[in-house]
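Colleague: Before I rely on the helix and core assignments, could you take me through the reasoning behind them?

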Amino acid sequence: MASSNANFKAGDDWRKSKELEEARKAGLAPAERDEDGNEINPHIPQYMASAPWYLNNNHPSLKHQRNWNAKEAGTKQWYERGAKVFQADKYRKGACPNCGSMTHKIKDCLERPRNKGAKWTGVDIAADDKIETLDLDFEGKRDRWNGYDSKEYSKVMDRYEKVENIKTELQKEKQLEKKFRQQQKGVKQTDDARDDDDDDDDEEDDEKMNEVDAKDFGSVAKRVRTAGGGASGTVRNLRIREDTAKYLLNLDITSAHYDPKTRSMREDPTPHMPASEKFFAGDNFVRHSGDTLDFYKLNTHAWEAYEKGQDIHLQAAPSQAQYLAASFKVKKTQLKDKTKTSIIDKYGDASNPDSKDVDQSLLLGQTESYVEYDRAGRVIKGDAPLMAKTKYPEDEFLNNHTAVWGSWWSNGVWGFACCRSHVKNSYCTGAAGIAAVEESGNLMSANIAQKEANKEEEDAKKSRLGIEPRKVQWGTEVPENLNLDKEKLAEAIKKEEERQANGEEVNERKRGYNVTYTSDVTEEEMEAYRLKKKRGEDPTTELGSGTSGYDLV
């Protein structure tokens, strides 16, 4: 590091400075002072006490160790509420047109909108508010009590003190009235006076209870766990001391087990005693009596309803579960009564000896209905038994149809038998529709026959004129009666294999000048191309892949 010439010292001066430094550390010489007159600790190392050369500091100082960029501490002050700075006599340009203040615009004005603003009247000009800009530090911005005036709380205290004084005065007045009534003798009490005495008795009882609460009524302090941990206050021990402990009801070792940790005895300690004489029948007796059984039934109903698709949960919505269970119970009872009533109305009540509605024919299970069947199981005579219907709608006739959809089938298409229409949403046309369908079918058959006859006539004409039939070309369907020369086909297949192996493609631009070839394709060459054509979508054509086509069988 570079150093300045001013800090350079000769040998004697350097020796004297070291001796002076040792004397200051030992306390024999006074400490060095900075430019402000503050003492500098002699034990501070030299590399901390010496200032850098670029500061040009020729006297001892420790200012270079301070934070130069330190920001001033933020103020703890707050805005002065309601402070005014200037009161104008006339309206100024740029002020609020409503009140005449220069510190806000008309949209921020808090005064009542005037019929004619200060801009037009020039009177009752509002004073300018004091606008402050506070530079708060980190803590000042987050101090929730910054700007709070503790004097405001004195108003709250005064208010409560006045309320307490009024209550005390009213209490004294009631006591004086009570003493005045007690001093009166020979005066009959009216009904209102009796009511007042009753109120006084209630107040005396409340005072007595307050005194008892103050004495804590022999409470026993216990630590009770809470959800957040810790303990609550005191809990009264409400057990009557004259009651016999449950573990003393039966001293037999083989009697009901008593758990001292939970203070529970689930079984009955005195099963030999009659129920009218014992006052404790075990903790399980409480579990199977009272509202416990109702809660168990309610919980079971909620489970069963949830399994059948109902959105019900006893713990999440107990009121809803209880309402649904009650409504289910009512509907179940009504359904039982309705079923019972319908059975009695149909067959009569045999349990009632006075009832005459019982059908005597049902006693032996005989009826007068007679049905005859043939060998195929068809009904010849009598009424046929009714067929059980499915849950789907049946025998519904749509759009004036007299037959259901699917009652007619022709050429792989379903339709209506009444009009032979194959459109499900069509309107029924009846016999006219059937005639139209037959006529259209006959017309189509005639057209097809005429087309075939015209084709045969055209082929015969071409044969008479010596015109060869059109060859099978690319993109056309191969006729079934196609005759191919086997030798030409084998030669064409061989050429096609050579072409595919060499990768030769016909390109007019690369053809030689003297090279000529014909572009006509024979039927044998077309068949060879079809046989040797590569089909990328066929997985069995690639060698070494798949299972040679066995997985497609």
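Modeller: This is a predicted model, and I would begin with a definition: the expected span of a helix is 1.5 Å times one less than its number of residues.

Colleague: How do you know that the length of α11 agrees with that expectation?

Modeller: Helix α11, residues 486-502, has 17 residues and should therefore span 24 Å, and its end C-alpha atoms are 24 Å apart, which agrees.

Colleague: What makes you say that the buried residues of α11 line one face of the helix?

Modeller: Buried means under 20% relative accessible area, and the residues of α11 that are buried are Leu 489, Ala 492, Ile 493 and Glu 496. Seen down the axis of α11, these buried residues fall within an arc of 105°, so they line one face. They pack against α12, residues 523-532, whereas the face turned away from the buried side carries the exposed residues Glu 487, Lys 494, Ala 501 and Asn 502.

Colleague: Why is Asp 485 called a cap of α11?

Modeller: A polar contact is a pair of N or O atoms within 3.5 Å, and a side-chain oxygen of Asp 485 lies 3.4 Å from the backbone nitrogen of Glu 487, at the N-terminal end of α11.

Colleague: Which residues make up the largest nonpolar core?

Modeller: That core has seven residues, namely Leu 298, Ala 302, Ala 305, Ile 312, Leu 314, Ala 321 and Ala 325, with α8 (291-307) and α9 (318-347) each supplying at least two. The largest share, three residues, comes from α8.

Technical notes. Residues numbered from 1 in each chain as written. Predicted model: local features only at pLDDT ≥ 70, side-chain atom pairs only at ≥ 80, totals over all residues. Heavy atoms only, no water. Helix = DSSP H or I, 4+ residues; strand = E, 2+ residues; numbered from the N terminus. Buried < 20%, exposed > 50% of the residue type's maximum accessible area, 1.4 Å probe, protein only. Arc of directions from axis to C-beta. Contact = heavy atoms within 4.5 Å. Polar contact = N/O pair within 3.5 Å; in protein donor to acceptor, adjacent residues only side chain to side chain. Core = buried A, V, L, I, M, F, W, Y, C linked by side-chain atoms within 4.5 Å.
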